[in-house]
Amino acid sequence: MKKRRVLIIAHEYSPCGITASRRPGGFVKYLREFGWEPVVVTRKWTRDNCNFDESVVPNLPADVQVHEIFYPRNPVGLHHLLTQFVRICLPPLHPWLYIREGKKAIDEIIRHGSFDVVWTTAPPANSMDIATYAARKLDAPLVVDFRDVLQWIPNIFVRLTMPLRILHERRMLSMASAITAVSNGFARTLKLRHRCDPITLSHGFDDELWSGVPVISTPRFNLVYTGSLVLGKPNLRP
């Protein structure tokens, strides 16, 4: 039976060594067992722009097509001015170079074949812009996945720009054939915010990430390690 093809837009992806890379990486790693052939669009991650860790998703299939988008961390000249304008005035579209280069990648990819579905995971919110562009071009259904949802306002800038962020979400989700969220709480927030009906699709566990050492349980309490307390430098190994 011919495998169906899924176009995956994921800004965070191996070898970017953060937790966000594991959800799309897990999809890519195991989708073939369910009859799907994934093609990935992501940022070009190097040792200079991320916590570089090729083992963040162990044993990713080497023959999966991965289209890497390059854009500079600190653009200069006109690109710098536009980047700052978008960051302040249109924050859901930041970084805008990711959208521009992502659409170029989509145009090149679809020249070589069609897809049965487009799947994207957010944040960043502008992954949805690239995904909706791809879905329109392909006339394919779009699945939008939320690993995180803006519920708790971290600072006054986010508070002031929340209407823009929610409006952007609503526009993007109007194109979606299905919406998924990592938890029931996130799904509930999206349902109330956009009057949609998200599906909860929680994280799974990859057996290859476990050391095989049994969990030590006590009748009093357990200490559970879930990541580093130093933001930006998590140690993802159990």
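Contact, as used here, means heavy atoms within 4.5 Å.

## Basis of the model

This is a predicted model, in which local features need pLDDT of at least 70 and side-chain atom pairs count only at pLDDT 80 or more, while totals for chains, interfaces and linings use all residues. Residues are numbered from 1 along each chain as its sequence is written, and side-chain values use heavy atoms, with hydrogens and water left out.

Helices (H or I, at least four residues) and strands (E, at least two) are DSSP runs, numbered from the N terminus. Residues are called buried under 20% relative accessible area, exposed over 50% and partly exposed in between, with a 1.4 Å probe and protein chains only.

Ser14 belongs to the loop between β1 (4-9) and α1. Its relative accessibility is 14%, so Ser14 counts as buried. Leaving aside neighbours within four places in sequence, Ser14 is in contact with Ser21, Asp53, Glu54, Val56 and Leu60.

The bond that joins Ser14 and Pro15 is a cis peptide bond, with omega about 15 degrees. Pro15 also lies in the loop between β1 and α1. A cis peptide bond also runs from Pro123 to Pro124, where omega is near 5 degrees. Pro124 is found in the loop between β4 and α4.

## Aromatic pairs

Two aromatic pairs turn up in a search of the whole structure. Rings of Phe, Tyr and Trp (its six-membered ring) pair if their centres lie within 6.5 Å; planes under 30 degrees apart count as stacked, over 60 as edge-to-face and the rest as tilted. The rings of Phe27 and Trp119 have centres 4.7 Å apart and planes at 40 degrees, so this pair is tilted. Phe27 is in helix α1 (residues 22-30) and Trp119 in strand β4 (residues 117-122), so the pair ties together parts that are 92 residues apart in sequence. Phe27 is partly exposed, at a relative accessible area of 24%, whereas Trp119, at 7% relative accessibility, counts as buried.

Tyr71 and Tyr98 have ring centres 6.2 Å apart and planes at 45 degrees, so the pair is tilted. Tyr71 lies in the loop between β3 (65-69) and α2 (77-89), and Tyr98 in helix α3 (residues 96-110), so parts that are 27 residues apart in sequence are tied together by the pair. Both Tyr71 and Tyr98 are buried.

## Arginines over rings

A charge sits over a ring if NZ of Lys or CZ of Arg is within 6 Å of the ring centre and within 35 degrees of the ring normal. Arg5 lies over the face of Phe115, at 4.2 Å from the ring centre. Arg43 lies over the face of Trp45, at 5.1 Å from the ring centre.

## Helix packing

Axes are lines fitted to C-alpha atoms, for helices over the stretch in contact, and angles run from 0 to 180 degrees between N-to-C directions. Angles under 35 degrees count as roughly parallel, over 145 as roughly antiparallel, 65 to 115 as roughly perpendicular and the rest as oblique. α3 and helix α4 (residues 127-138) pack at about 25 degrees, with axes 9 Å apart; α3 and α4 are therefore roughly parallel to each other. Residues of α3 that meet α4 include Tyr98, Ile99 and Gly102, and among their counterparts in α4 are Ser127, Asp129 and Ile130.

For α5 and α6 the angle is about 90 degrees and the axes are 11 Å apart, so these helices are roughly perpendicular to each other. Here Met162, Ile166, Glu169, Arg170 and Leu173 in α5 meet Leu190, Arg193 and His194 in α6.

## His168 in α5

His168 is placed in helix α5 (residues 156-173). Its relative accessibility is 4%, so His168 counts as buried. Not counting residues up to four places away in sequence, His168 touches Pro92, Leu93, Ala125, Asn126, Met128 and Asp129.

## Positive phi angles

Asn59 is not a glycine, yet has a positive phi of about 60 degrees. Asn59 lies in the loop between β2 (36-43) and β3 and is exposed, with a relative accessible area of 58%.

Arg195, also not a glycine, has a positive phi of about 55 degrees. Its place is the loop between α6 (184-194) and β7 (199-200). At 81% relative accessibility, Arg195 counts as exposed.
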